[in-house]
Amino acid sequence: MSKSRNTIPVSQKPGALSPSSANILVTGGAGFIGSNFIRYLFEKTDFQGTLVNYDKLTYAGNLLNLSDIDEKFGGKSYFFVRGDIRDYEKLKDVFARYHISAVVHFAAESHVDRSIFGPKDFIETNVNGTFTLLEASRQFWGNRRDVRFHHISTDEVYGSLGDTGYFYETTPYDPRSPYSASKAASDHIVRAYFHTYGLPVTISNCSNNYGPYHFPEKLIPLIILNAIEGKPLPVYGDGKNVRDWLYVEDHCEAVWFILNKARTGETFNVGGECEKQNIEVVREICDILEELHPLKDNPAARKQAPHITRYSDLITFVTDRPGHDRRYAINCDKIKKELGWKQKYDFENGLRNTVSWYLHNKKWVEGVRSGEYIKWIETNYHIREK
Ligand code: NAD
Ligand code: DAU
């Protein structure tokens, strides 16, 4: 493995940041992973500080994701501020008002297909927004080293693998979609702030997450909901693209480990070590549904698709995603060895929890399917009809 462009040679000892009592600014906390992270912090750690959820509430952000947390902690240790990460003045205000000592930066445009239809928002939020947030952090913190900027990134920055090999922290960047290119750019800017200004940063590059509160434009929730409703299950191309799946709570725990234990300047890959072809994932969802919600007891699906005898009869191969990355596979030995993190959920348990969550949270599902959502589904799948 050659020495990479994105390795950080110098790392600093953990500063005096104490995440359990920090005032943490979580950006994008109303989205899928951000909301799971906030719930994880309040419910599964010894966190005693203040948490400010700063989110623009785009189509992907939803305060319903956190209504339980707001009820228990709102106005005491949990605060929501509606704002754009490109709004420097508003960020400055929030940093000062809440004495922010750590940033966990999730906010992004995150859907690859949308980045193909309209890359502009991806550059604006993921690149310009990250830059603005870094600037606000640097201006507010000055030379303080007892603070932290943690940047959430993706394995997609490393490009696409063939049948073998893994992404390491040292793998050179090779992004191929507007989404992954914008995330790669943001990673580079974050590292530049470490090297140039000494801003205490850490970065994690994670594989595909799945779990509760996942917006149903992404593969797993889309397939679950379409199957329940007897709609076609769209599989791009030959269905043999491989993703490495990680249950979202395991990702949240990895971020908490990094905040608590990592040296600044370090990057950690986080992955599920669970490679699956898309078609396998879709079939596994169908099998779990047959068990938890058998087709014979699902009149809505039978009415919508009277010809089918099993959920898997709904599988429909559709036109591929342009530039579709073939395989992602993360090597996450570093975070395991250095920080003692490991996944707690295997795919079977994680997927079962997830399917069951969607079966039991119909109100949430109705709430997130706005007019904008329906418009997107029509746009994306209309052009894929064969
Ligand atoms: P998401 O799309 O569900 O949520 C994104 C959130 O960011 C939303 O709440 C949205 O309202 C908010 N947001 C968007 N633009 C904003 C702006 N300009 N200002 C403030 N808030 C804004 O995304 P997710 O799946 O939860 O992903 C979170 C982060 O994790 C992203 O940075 C993504 O690149 C990264 N990531 C995601 C995965 C995955 O599988 N979902 C895997 C690895 C890394
Ligand atoms: O790898 C991490 C990335 O995982 C994150 O950085 C992204 O934010 C996140 O969206 C996810 O990107 P993917 O493109 O891998 O996720 P998505 O759920 O869109 O697609 C997963 C795979 O399933 C991919 O190979 C495309 C395929 N697919 C997707 C959809 C929506 C289908 O076959 N049919 C579909 O309808």
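Analyst: We begin with what counts as being near a ligand: a residue is near a molecule if its C-beta atom, placed from the backbone, lies within 6 Å of it. This is a predicted model, in which local features need pLDDT of at least 70 and side-chain atom pairs count only at pLDDT 80 or more, while totals for chains, interfaces and linings use all residues. Residues are numbered from 1 along each chain as its sequence is written, and chains are lettered from A and ligands numbered from 1 in the order in which they are written.

User: Which residues come nearest to ligand 2?

Analyst: Ligand 2 has 19 residues around it, and S110, T154, K218, L219 and Y236 come nearest. To place them on elements, we use DSSP runs numbered from the N terminus: helices are H or I runs of at least four residues, and strands are E runs of at least two. The elements that give two or more residues to this shell are α7 (219-228) and β8 (233-236). With three residues, β8 gives the most.

User: How do the residues around ligand 2 divide by type?

Analyst: Ala, Val, Leu, Ile, Met, Phe, Trp, Tyr, Cys and Pro count as nonpolar, Asp, Glu, Lys and Arg as charged, and the others, Gly among them, as polar. By that rule the shell around ligand 2 has seven nonpolar, seven polar and five charged residues.

User: How many residues surround ligand 1?

Analyst: The shell around ligand 1 holds 30 residues, the closest being G28, G31, A60, G61 and A108. Two or more residues each come from α1 (32-44), α5 (120-141), β5 (148-154) and β7 (208-210). The largest share, three residues, is that of α1. This shell divides into twelve nonpolar, twelve polar and six charged residues.

User: A136 lies in helix α5. Is A136 buried or exposed?

Analyst: A residue is buried if 20 or more other C-beta atoms lie within 10 Å of its own, exposed if 12 or fewer, and partly exposed in between. A136 is buried because 23 other C-beta atoms lie within 10 Å. Contact means that two C-beta atoms, placed from the backbone, lie within 7 Å. Not counting residues up to four places away in sequence, A136 touches Y88, L91, K92 and F95.

User: What is the order of strands in the open sheet of three strands?

Analyst: In general, strands of a sheet pair through backbone hydrogen bonds, either parallel or antiparallel. Here two strands count as paired if DSSP finds at least two bridges between them. The order is β7-β9-β11, with mixed pairing. The edge strands, β7 and β11 (275-277), each pair on one side only.

User: Which residues stand opposite each other, N208 and D244 included?

Analyst: β7 and β9 are parallel and share three bridges, and N208 stands opposite W245 in β9. Strand β9 (residues 242-247) runs antiparallel to β11, also over three bridges, with D244 opposite E275 in β11. Five of the six residues of β9 are buried.
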